[in-house]
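Please read it alongside the sequence and the coordinates.

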Amino acid sequence: MQNSEKNAEGRVTDQCKAGKFILGITGGVGSGKSRILAILKEDYGFHVIQADQVAKDLMQPGMESYLAVVGYLGPSVLLEDKSLDRAAMAEIIFHDPEKRRGVDERTHPLVWKAAMEEAMAAKEDRVVIEAAIPSKEFRDKCSEMWYVYTSRENRIKRLEENRGYTVEKTLAIMENQVSEETFRAFSDAVIDNNGTLEETRAQIQALLEHIF
Ligand SMILES: CC(C)(COP(=O)(O)OP(=O)(O)OC[C@H]1O[C@@H](n2cnc3c(N)ncnc32)[C@H](O)[C@@H]1O)[C@@H](O)C(=O)NCCC(=O)NCCS
Ligand SMILES: Nc1ncnc2c1ncn2[C@@H]1O[C@H](COP(=O)(O)OP(=O)(O)OP(=O)(O)O)[C@@H](O)[C@H]1O
């Protein structure tokens with residue numbers, strides 16, 4: 001697809017009209033999304049946007065998401081200096097689906113607004129947006145969407161070895177994420193990241209050859 005106005009399923013997006021190719025990357029916790037973003041940036045010149053980082057920026061004291069989250073979850077999610085206690089918030093939202101949905105509803109529209117503003121303002125024509133939560137809203141914003149598939153066993157092992165996550169922590173996050181089938185249903189292509197990064201790099205190259 002050469003910056004055409006239609007994506008894989010014929011979706012016509014404002015981004016395409018503006019000459020932007022917006023790639024969506026999704027996948028569960030620890031599937032390797034960040035590593036793939038680094039390849040897209042370094043090897044293919046993509047501008048990278050991470051929804052988790054945008055969400056974090058919007059949760060600085062006084063910002064709109066911060067006020068919404070503190071108003072909803074209460075002062076128990078604040079540290080002494082009034083910044084957000086991320087560990088306390090993780091403890092709540094990854095163990096109480098109702099609370100997670102409440103936080104999602106209040107913050108995601110703000111995250112998407114900021115992410116799209118950044119995408120449209122980027123000097124690069126190629127932009128990649130990464131988010132662990134696939135949705136129609138996310139998909140409709142993208143020219144194409146890829147799902148990063150890595151088995152639960154490999155993700156648990158990598159996160160334990162490299163990030164110090166306990167098995168319980170990884171499982172709690174996984175429980176609060178959509179199923180593999182849902183990730184696949186939202187995506188145009190799948191990257192299997194169970195092998196080496198070189199194998200993943202080759203899959204990226206093959207997928208991009210169809211586009212550029
Ligand atoms: C709860 C928070 C403070 C925990 O922070 P912490 O630094 O410990 O973890 P981190 O942000 O790296 O997230 C860990 C994993 O959980 C995933 N995750 C984060 N929030 C969510 C969520 N609401 N639903 C499903 N998965 C999520 C992340 O993608 C990542 O894979 C943080 O995850 C957060 O603010 N989440 C809400 C923001 C959000 O919804 N982000 C997604 C934007 S689309
Ligand atoms: N192909 C691979 N081989 C070995 N290790 C890998 C591979 N891909 C990713 N990893 C490692 O697995 C861990 C998780 O990868 P990464 O941080 O990219 O996942 P993520 O999907 O961005 O995670 P999160 O959902 O938390 O944002 C990292 O320590 C990373 O170095």
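The model is predicted, and the structure holds 11 salt bridges.

**Helix H6**
- The side chains of Arg101 and Glu98 form a salt bridge with an N to O distance of 3.5 Å, and, because the two residues are 3 apart in helix H6 (residues 97–121), about one helical turn separates them.
- Arg101 is partly exposed, at 41% relative accessible area, while Glu98 is exposed, with a relative accessibility of 51%.

**Helix H8**
- In helix H8, which spans residues 152–163, Glu161 and Lys157 lie 4 residues apart, or about one turn of the helix, and their side chains meet in a salt bridge at 3.8 Å, N to O.
- Glu161 has a relative accessible area of 57% and is exposed, whereas Lys157, with 48% relative accessibility, counts as partly exposed.

- Glu198 and Arg201 are joined through their side chains by a salt bridge of 3.2 Å, N to O, and, because they are 3 residues apart in helix H11 (residues 197–209), they are separated by about one helical turn.
- Glu198 is exposed, its relative accessible area being 53%, whereas Arg201 is partly exposed, with a value of 29%.
- Asp43, Glu198 and Arg201 belong to one network, joined by salt bridges that share partners.

Methods
Residues are numbered from 1 along each chain as its sequence is written. Chains are lettered from A and ligands numbered from 1 in the order in which they are written. This is a predicted model: local features need pLDDT of at least 70, side-chain atom pairs count only at pLDDT 80 or more; totals for chains, interfaces and linings use all residues. Side-chain values use heavy atoms; hydrogens and water are left out. A salt bridge is a side-chain nitrogen of Lys or Arg within 4 Å of a carboxyl oxygen of Asp or Glu. Buried means under 20% relative accessible area, exposed over 50%, partly exposed in between (1.4 Å probe, protein chains only).
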